[in-house]
Amino acid sequence: MKSIKPEDFKVPASVVIKDLQTTFNLKEDKAKIEDELQDVCKKLAKIQNAMYAHGKYAVLICIQGMDTAGKDSLIREVFKELNARGVVVHSFKTPTELELKHDYLWRHYISLPARGKFGVFNRTHYENVLVTRVHPEYILNEHLPNVLSLNDVNDAFWDKRFEQINNFEKTISENGTIIFKFFLNISKEEQKDRLLRRLDKPNKNWKFSPGDLEERKLWNHYQDCYQDAISRTAKPHAPWYVIPSDDKPTARYIVAKILLDTLKKYDDIREPELDDDIKANIDDYRKQLENE
């Protein structure tokens, strides 16, 4: 299989999405890629178990992408080997009435993983500079005191929001959260094929909404907003990775490999050792149990 490194997909400082590939040839068939994915995921599970016992780091995995990009299935396949107690997935939908009574980052703050755990955000705080930027009228639902009309949702507004997101990520990073941000990059042609499959396969019909077609008409606007968001928020402590995602097994393998190769560098993540007194008396404890 073709060797890959996290740096191959990491955004250096800024990005031009139309210049990035949506396909990547691992030079293996699907079955081999899936076998390799399983092996990587088992190794990732061992790191997560050690991290759970270690209790000093959390991992936040943010997954963004256009409709049909494969977010749900990627989460299912990449994290299924991990102990359920150590990974929590949050899928963020349209804000609820309660969430709209707080600042837009509140629901993300309260969903952050505790130290020792993986947190996976399926759609993320970036929806607040993507969907709301394509549909600025949604901002009016937040009832912000300084936004009285759409005229107030201007460049200065978005500049401030990007600053707030960068500060949010810097704060949690400095307090022990390891951040990964993945943009699943699919082509418009592949999205069309996946939407057609949702219509053609009865067991996929439930995934389709007429609104998907309306959003598809805004493809170029979304791409521009993704490009701006990724370029403005790609930081050393909170890097973005653009994942070619026209082929789902390949995308899953790349994401898993990036997680594994990056986390392996944290050589201080290890299971805590027993203190000297307990280690010195292990034989005695064993005898007590055996003699019950």
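Q: What should be kept in mind about the model and its numbering?
A: The model is predicted, so local features need pLDDT of at least 70 and side-chain atom pairs count only at pLDDT 80 or more, while totals for chains, interfaces and linings use all residues. Residues are numbered from 1 along each chain as its sequence is written, and side-chain values use heavy atoms, leaving out hydrogens and water.

Q: Which residues touch the most other members of the largest nonpolar core?
A: They are Ile 61, Phe 79, Phe 118, Phe 180, Phe 182, Ile 243 and Leu 259, in a core of 78 residues. A nonpolar core is a set of buried Ala, Val, Leu, Ile, Met, Phe, Trp, Tyr and Cys residues joined through side-chain atoms within 4.5 Å. Buried means under 20% relative accessible area, exposed over 50%, and partly exposed in between (1.4 Å probe, protein chains only).

Q: What is Phe 79 in contact with, leaving aside neighbours within four places in sequence?
A: Phe 79 contacts Ile 61, Phe 118, Val 120 and Leu 259, where contact means heavy atoms within 4.5 Å.

Q: Is Thr 68 buried or exposed?
A: Thr 68 counts as buried, at 7% relative accessibility.

Q: And what is phi for Arg 123?
A: It is near 65 degrees, a positive value in a residue other than glycine. Arg 123 is partly exposed, with a relative accessible area of 21%.

Q: How many residues of H9 are buried?
A: In H9, 15 of the 16 residues are buried.

How values were computed: Helices (H or I, at least four residues) and strands (E, at least two) are DSSP runs, numbered from the N terminus.
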